[in-house]
Amino acid sequence: MRGLIAIYRGIVKKWGFPILFLGFITIFWALKTLYFVHELDVSPHKKFILLASGGLGLWITAIFFINKSKVSAVVSLLIYTLFSFLLYADVVYERYYDAILNIDLLGQADQVGDIFDSIISLLYISDVFYWLDIPVLIVLSVLVFKRIPKQTNLIGSFSLFVLGTVCILITAFVPLKTSYSDQYKVALTGVIPSHIFDTTQTILDQKRVVEVSAQNQEMMIKLQERFLRNQEVQKNSTSFGKYNGKNVIIVQAESLNNFPINLKVSGKEITPNLNKLVEESYYYPNTYLQIGRGNTSDAEFVANNSIYPIASKGIYKTFPTNDYLSLGSVLRKEGYSTSATHGNTPEFWNRQNAYENQGYEQFYHMNHPKINADEILGLGISDESIFNQMLEIYQEEEKPFYSFIVSLSVHRPFELPEEYQLLDLPGQFNNSNTGNYLQSVHYFDRALGMFIDGLKQANLWDETIFVVYGDHYGLLPNDTEGIERLLDITFDEKTRFQIPLIMHYPGQEEGVVNEVVASQMDIAPTITTLIGIEQPLIQFGVPLEEKKEGFAGFAYETTKYSYYSNKFDYIASHDGVYERGTCINNETNEQIDVEACRAGYEKLYEDIEISKFLLENNQIGRVFKDLIPQ
Ligand code: GP9
Ligand code: MN
């Protein structure tokens, strides 16, 4: 008995503190991970999370106990704090982008300054939970440090480190699969294994992209046939070429959801000008975003290119120099003068480089000699100022022209200076995100109304196809309670993804509300139809007037391969298994046998695969190499 007690004492003396330390870190990290998973609304897999947390615990313990030195103690705590920052960065990033960070996104760190206010608006008081462990750990370290003997434990520490690495690698490479959503990966293993897995995949993916050779000739012919078939729909449309030679102005409205359209608060319209425009235009209220990792910039890309934005850093950063058949390039070949306008710096989101291959002859940004950065609001030049300046530029612009404008003033945290808050809202909206958002949207609406008036005065209105659509949602799931209480509307995922799409044709006076399920990728095909483009096009969208079967597919934002359509909605499962997805019959609003959704899923799956192939291998310019006029 005495012998056993002696052995026990020996173990406690040698290993007691390391075990205590390891236990604390494992529990702290596991709790933080579970807290994040709870926010993600996915069920956690506790065993793998515990194993990965133990792995991190072993790493930190190994460093702390390498010898009795303040350096190793401080370094181990610093490393734990750095991992805590990584986890918290994932938490905040996920709140806005519905994804976790990726190694590729490190290059975007330079933009943090521009979106600082937006980031602050994503930090919640309850987040203190993510940081409570650090002071506890510091106190524990001081107490433990005083009591550990003066000795070096190189072999012991090395063994712990190796064991920790094994735990982490097992959790990274045994349970995780590429088909899993980011949320599911985190729920299975936590953020560290998920990042190791994703980074490995990114490196492997880059290696996989090889020069496409003659073997793909067969595939090229299939693609040619497919896209020529798509284009037949445009050529057979009664609207084909109806507005040939007319100007095209597209306004991509920052953070504009569909719900403010025709919404009244205390009898007052939030968007009187957009509502008026809707009454004399084609209005597609069931339109959905299709942004990827590039957010705003991907919305631009999808609307102008009609391709899924499959790119780890967003298209403008991942494939800026690819060849494209975007609206800008196509219209330029038709003799249009083409320009893009964005009131921030040319470098922001790599637009300067990316716009060159989008076919824009001019890029009007805040440093452009013709642009005056006279009024800055939030992310850049105010909407009112940029619209006014464009009206002047149009006076000199050679006709016909294509002008693509990205508005900026409606952006998180939606806090406009008082003098710009012109909407009279009841007191309960004060200091609420909903109230601030409505004020911002109202500001944009007012600026847009003045822009339209200006176009009318310049006799451009009836010479122009005028399009407005939202790039993505403004408010986030965290705002749901406030929106639903204050506005008495449902703010579920579908409403959050819903953006307005309004198209005014030259001379149009009668409005048409078309309920077809549409998406950002239907914008370019609709324009190429109205202009009557004969050049071969590569577009996945459908001209809206010809769109009979509504469809909006998703590669990002929600689980990949989910889609909405007029008949069914398919919500893919987080683990990527088709059969585990949910199929909803939109007539009855009831869940039905998942097989009913299969055709839409297969079509979307193929379209995403082809988009990926075309983008990664820079094939867009090559599919119709012999047919496209150079
Ligand atoms: C602004 C944009 C940044 O045009 O690039 O805004 P976000 O992508 O966060 O909406
Ligand atoms: Mn945006």
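Figure 1. N262 is partly exposed, with a relative accessible area of 47%. The coordinates belong to a predicted model. N262 is found in the loop that runs between β1 and β2 (264-265). Although N262 is not a glycine, its phi is positive, at about 60°.

**Figure 2. Residue N589 between two strands.** The loop between β19 (582-585) and β20 (590-592) contains N589. Phi of this non-glycine residue is positive, near 65°. N589 counts as exposed, because its relative accessibility is 63%.

Figure 3. Helix α20 spans residues 598-616 and has 19 residues. From its first C-alpha to its last, α20 reaches 27 Å, close to the 27 Å expected at 1.5 Å a residue. Its buried residues are G600, Y601, L604, D607, I608, I610, S611, F613, L614 and L615. R598 meets E595 in a salt bridge between their side chains, with an N to O distance of 2.7 Å. R598 is partly exposed, at a relative accessible area of 23%, and E595 is also partly exposed, at 38%. Just after α20, N618 adopts a positive phi of about 50°.

**Figure 4. The aromatic pair Y243 and Y505.** Of the 49 aromatic pairs that the structure holds, one is formed by Y243 and Y505. The pair is tilted, with 5.3 Å from centre to centre and 55° between the planes. Y243 lies in the loop between α9 (217-235) and β1 (247-253), and Y505 in the loop between β13 (501-504) and β14 (512-513), so the pair ties together parts that are 262 residues apart in sequence. Both Y243 and Y505 are buried.

Figure 5. The rings of Y394 and F401 are stacked, at 4.6 Å centre to centre and with 15° between their planes. Y394 counts as buried, at 0% relative accessibility. F401 is buried as well, with a relative accessible area of 0%. One aromatic cluster is formed by F387, Y394, F401, F444, F451, W461 and F466.

Figure 6. The peptide bond from K399 to P400 is cis, and its omega is near -5°. P400 is found in the loop between α15 (383-396) and β10 (401-406). R412 and P413 are likewise joined by a cis peptide bond, with omega about 0°. P413 lies in the loop between β10 and α16 (433-457).

Figure 7. The structure holds 24 salt bridges, among them the one in which the side chains of E384 and R446 meet at 3.8 Å, N to O. E384 lies in helix α15 and R446 in helix α16, so this pair ties together parts that are 62 residues apart in sequence. E384 is partly exposed, with a relative accessible area of 23%; R446 is partly exposed at 33%.

Figure 8. R496 forms a salt bridge with E493, the closest N and O atoms being 3.9 Å apart. The two residues are three residues apart in helix α18 (residues 493-497) and are therefore separated by about one helical turn. An α-helix has 3.6 residues a turn, so residues three or four places apart point the same way. E493 is partly exposed, at a relative accessible area of 31%, whereas R496 is buried, at 4%. The charged end of R496 also sits over the ring of Y473, 4.8 Å from its centre.

**Figure 9. K68 over the ring of F145.** K68 lies over the face of F145. The distance to the ring centre is 5.4 Å.

**Figure 10. A nonpolar patch on the surface.** The patch is formed by L51, F158, V162, V166, I170 and V174, which together have about 510 Å² of accessible area. Helix α6 (residues 154-173) gives the most to this patch, contributing four residues. F158 lies in helix α6 and counts as exposed, at 58% relative accessibility.

**Figure 11. A network of salt bridges.** Salt bridges link D182, K185, D198 and R293 in a network.

Note on methods:
Residues are numbered from 1 along each chain as its sequence is written. Chains are lettered from A and ligands numbered from 1 in the order in which they are written. This is a predicted model: local features need pLDDT of at least 70, side-chain atom pairs count only at pLDDT 80 or more; totals for chains, interfaces and linings use all residues. Side-chain values use heavy atoms; hydrogens and water are left out. Rings of Phe, Tyr and Trp (its six-membered ring) pair if their centres lie within 6.5 Å; planes under 30 degrees apart count as stacked, over 60 as edge-to-face and the rest as tilted. Buried means under 20% relative accessible area, exposed over 50%, partly exposed in between (1.4 Å probe, protein chains only). A charge sits over a ring if NZ of Lys or CZ of Arg is within 6 Å of the ring centre and within 35 degrees of the ring normal. Patches are made of residues with over 30% relative accessible area and no salt bridge: like charges are joined within 9 Å, nonpolar side chains (Val, Leu, Ile, Met, Phe, Trp, Tyr) within 5 Å. Accessible areas come from the Shrake-Rupley method with a 1.4 Å probe; for residues, only the protein chains shown count as cover. A salt bridge is a side-chain nitrogen of Lys or Arg within 4 Å of a carboxyl oxygen of Asp or Glu. The expected span of a helix is 1.5 Å times one less than its number of residues.
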